[in-house]
Amino acid sequence: MGPLPRTLELFYDVLSPYSWLAFEVLCRYKNIWNVSLQLRPTLIAGIMKDSGNQPPALLPRKALYVKNDVRLLGQHLQVPIRLPKDFFFVIFEKGSLTAMRFLTVVKLEHPELLEKVSRELWMRIWSRDEDITEPQSILAAAEKAGMSTGQARELLERVSTPQVKNQLKETTEAACKYGAFGLPVTVAHLDDETYMLFGSDRMELLAHLLGEKWMGPVPPAVIARL
């Protein structure tokens, strides 16, 4: 019997394209490295407010850099990212509150579907330039991920309940306590040490901390399944 898996927590918001990049890489490695990956739906707006940080897109030079950076990283990591046409409206006007509450309910009631539903929401906003705020759009993402219409509707009806609101708030506060100032945040629990890594570009460092081998963003085991 080998050593017990180390716990990794991934705090993410589907409004963050960098969160999608980190999510896909960690999902590819979760069965290769000796880890237990815990997905933690989080509200990026709460992280920014608590830390006093500002979205990079508010600075014109950073906004231009992010657009090019995300496109190139998507190619490198083989994640089909395409920025929405009205980037600022999607990010600053629509937001992701309902979507992240929905993912919170999914985690509570159907955690086995959380990975797939999260991916479908990212696909809608960051690949197909589709809405993630309207109920029908969220339902469509859930159904495409394998959830029945009845299940999806039942969960959507619960997004405004105190339980769900409090759970999303508590998860966001947990990320803040780890020191988060943006998303994604990966928290590695190793023996008596806890490491908080920010961004999607810390995977080689994470492999080093875990004592695991980094084989690039698409490891051979994943390539063999493609």
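Select Ser16 to start: with 4% relative accessibility, Ser16 counts as buried, because buried means under 20% relative accessible area. Keep in mind that this is a predicted model.

Stay on Ser16 and look along the chain. Ser16 sits in the loop between β1 (6-12) and α1 (17-29). The UniProt record, an unreviewed entry, places the feature "active site" at Ser16.

Now show the surroundings. What does Ser16 touch, not counting residues up to four places away in sequence? Select Ile44, Trp122, Trp126, Leu183 and Pro184: Ser16 touches each of these.

Next stop: helix α7. Select residues 135-144 to see α7. Which residues of α7 are buried? Colour Ser137, Ile138, Leu139, Ala141 and Ala142, which are buried in this helix.

The buried residues of α7 pack against α5 (97-109), α6 (114-126) and α8 (149-156).

Then step past the end of the helix. Gly146 follows α7. The phi of Gly146 is positive, near 110 degrees.

Last stop: the surface. Select Leu58, Phe88 and Phe92. Together, Leu58, Phe88 and Phe92 make a nonpolar surface patch of about 260 Å².

Zoom in on Leu58. Leu58 is in the loop between α2 (44-51) and α3 (60-77). Is Leu58 buried or partly exposed? Leu58 counts as partly exposed, because its relative accessibility is 45%. That class lies between the buried limit of 20% and the exposed limit of 50%.

Methods:
Residues are numbered from 1 along each chain as its sequence is written. This is a predicted model: local features need pLDDT of at least 70, side-chain atom pairs count only at pLDDT 80 or more; totals for chains, interfaces and linings use all residues. Side-chain values use heavy atoms; hydrogens and water are left out. Patches are made of residues with over 30% relative accessible area and no salt bridge: like charges are joined within 9 Å, nonpolar side chains (Val, Leu, Ile, Met, Phe, Trp, Tyr) within 5 Å. Accessible areas come from the Shrake-Rupley method with a 1.4 Å probe; for residues, only the protein chains shown count as cover. A salt bridge is a side-chain nitrogen of Lys or Arg within 4 Å of a carboxyl oxygen of Asp or Glu. Helices (H or I, at least four residues) and strands (E, at least two) are DSSP runs, numbered from the N terminus. Buried means under 20% relative accessible area, exposed over 50%, partly exposed in between (1.4 Å probe, protein chains only). Contact means heavy atoms within 4.5 Å. UniProt positions are given in the numbering used here, feature names are shortened, and annotations may be inferred rather than shown by experiment.
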